[in-house]
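Subject: Structure handover

Hello,

Here is the structure I said I would pass on.

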Amino acid sequence: MPSQSHPAGEQSSRVRRKRIGFSRKPKNPTGEMTLVQHLQELRRRIIISLLALVIGAIIGFIWYQQAPFRIPPLGEILREPYCSLPEDKRANFNADGECRLLATSPFEMLILRLKVGALAGTVISSPVWLYQVWAFIVPGLHKNERRYTLSFVAVAGSLFLTGAILAYFILSVGLEFLIGIGAEYQTAALTGERYFYFLLALLLIFGISFEIPLLIVSLNLIGILEYHHVKDKRRIIIVVVMIFAALVTPGQDPFTMVVLSVCLLLLIEIAFQFCRIHDKRQDRQRPDWMDLDDESASALDEGPSGVGGPKPVDAPSGISSSSINASPKSATPSSPPQTVRAGNPAPDRASQQVDDRKEPQRLTDRGGFFDDVL
């Protein structure tokens with residue numbers, strides 16, 4: 001038996017659900033989210049990202065001094081480039097000869113541990129907050145844009161990580177060069193704050209600098225930078241990269257500058273080759289006028305559409321091509337001219353206007369073709 005509906009009972013239950021706050025929200029028939037729903041989603045993803053950052057920072061704070069599963073502590077990993085220096089080039093304040101950094105204030109060790117823990121927490125929780133950012137952006141992208149964005153983020157992360165790892169391994173060589181200058185007269189006693197500032201600055205500079213080739217490839221993909229624009233400018237690029245490396249390296253030591261310059265030039269050349277292959281696939285050809293000497297003039301095109309070539313002139317309205325090409329004989333009226341009667345000039349004038357409309361006019365009677373155009 002079909003169940004009977006009870007309008008009164010349904011209405012009362014609907015009112016009761018509305019009072020206690022369980023009323024269903026009306027869905028958008030188009031499937032699109034409203035502005036309030038977007039803001040609610042953004043708030044939810046920000047809260048999840050902040051919770052992940054806090055949890056990661058706590059893990060980093062604990063990992064700074066203690067590490068399970070035979071993993072070296074984070075503090076030991078970060079001070080390893082300094083401890084790899086020869087003993088005669090660094091100060092030693094301990095009787096057992098263990099390598100330690102110097103602290104000059106009571107709260108320096110705590111603040112340093114908090115900073116390192118927060119940075120480590122940002123790296124540890126990066127999969128969570130990166131996913132939240134991606135999940136918030138991806139509904140507004142097309143399928144091909146999602147693929148390009150995911151590839152761009154993956155390549156950018158890989159390049160940044162490669163640059164940071166390279167900076168970590170060359171840090172000891174740069175420190176040895178900087179500390180060895182004037183070692184006969186002084187001994188380097190680095191504080192933890194100064195050393196970690198130098199280390200993090202070098203990691204960030206190398207990681208961000210390795211993103212330059214990705215920027216070049218992105219400009220080529222959107223059609224702003226083409227290969228023929230940078231084809232003959234490699235010498236200028238080498239000089240610019242060397243100056244850039246000399247300015248951004250924290251210690252300005254030659255070894256770090258040379259390593260950064262060589263790596264950047266190699267990655268930029270790989271990016272240029274990608275641009276060349278991409279332009280070839282897109283059939284982007286270099287214009288012929290760009291290969292001319294600066295003091296030589298290009299030849300004028302004498303074709304119908306070239307500079308200085310003949311151009312057709314449109315006929316004015318009211319004159320057909322047959323009237324322009326007509327001979328003077330055909331332009332003369334075939335009927336004999338009518339005589340003008342002095343007594344009644346109006347009919348003769350009207351008949352003359354009718355004959356003018358019927359017969360083609362000669363260009364010479366109206367001042368010529370170019371006078372009509374003007």
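The largest pocket is lined by 29 residues, and those nearest its centre are L119, V123, F160, L161 and A164. Please note that this is a predicted model, in which local features need pLDDT of at least 70 and side-chain atom pairs count only at pLDDT 80 or more, while totals for chains, interfaces and linings use all residues. Residues are numbered from 1 along each chain as its sequence is written, and side-chain values use heavy atoms, with hydrogens and water left out.

A pocket here is an open set of points on a 1 Å grid over the protein atoms alone, where a 1.4 Å probe fits, with protein on both sides within 12 Å along at least five of seven lines; lining residues have an atom within 4 Å of a point. The volume of the largest pocket is about 1,100 Å³, taken as the space filled by probe spheres set on the points, which are joined across faces, edges and corners. Helices α3, α4, α5, α6 and α7 each give at least two residues to its lining (helices are DSSP runs of H or I with at least four residues, numbered from the N terminus). The largest share, 11 residues, comes from α6. By type, the lining has 24 nonpolar residues, four polar and one charged (Ala, Val, Leu, Ile, Met, Phe, Trp, Tyr, Cys and Pro count as nonpolar, Asp, Glu, Lys and Arg as charged, and the others, Gly among them, as polar).

The second largest pocket has a volume of about 550 Å³. Of its 17 lining residues, Y64, G75, R79, L101 and M109 are the closest to its centre. Two or more residues come from each of α3, α4 and α7, and α4 supplies the largest share, with five. This lining divides into nine nonpolar, three polar and five charged residues.

Helix α7 runs over residues 192-209. Its 18 residues, at 1.5 Å each, should span 26 Å, and the end C-alpha atoms are 26 Å apart, which agrees (the expected span is 1.5 Å times one less than the number of residues). Its buried residues are G192, Y195, F196, F198, L199, A201, L202, L203, F206, G207 and S209 (buried means under 20% relative accessible area, exposed over 50%, and partly exposed in between, with a 1.4 Å probe and protein chains only). Among the elements that cover them are α3, α4, α6, α8, α10 and α11.

S125 sits in the loop between α4 (108-124) and α5 (126-137). With a relative accessible area of 4%, S125 is buried. Leaving aside residues up to four places away in sequence, S125 touches A52 and L53 (contact means heavy atoms within 4.5 Å).

How many salt bridges does a search of the whole structure find? There are two (a side-chain nitrogen of Lys or Arg within 4 Å of a carboxyl oxygen of Asp or Glu). In one, the side chains of R45 and E41 meet at 3.1 Å, N to O. These two residues are four apart in helix α2 (residues 35-63), so about one helical turn separates them. Both R45 and E41 are buried.

The side chains of R234 and E269 also form a salt bridge, at 3.0 Å, N to O. R234 is in α10 and E269 in α11, so this pair ties together parts that are 35 residues apart in sequence. R234 is partly exposed, at 27% relative accessibility, and E269 is partly exposed at 28%.

Regards
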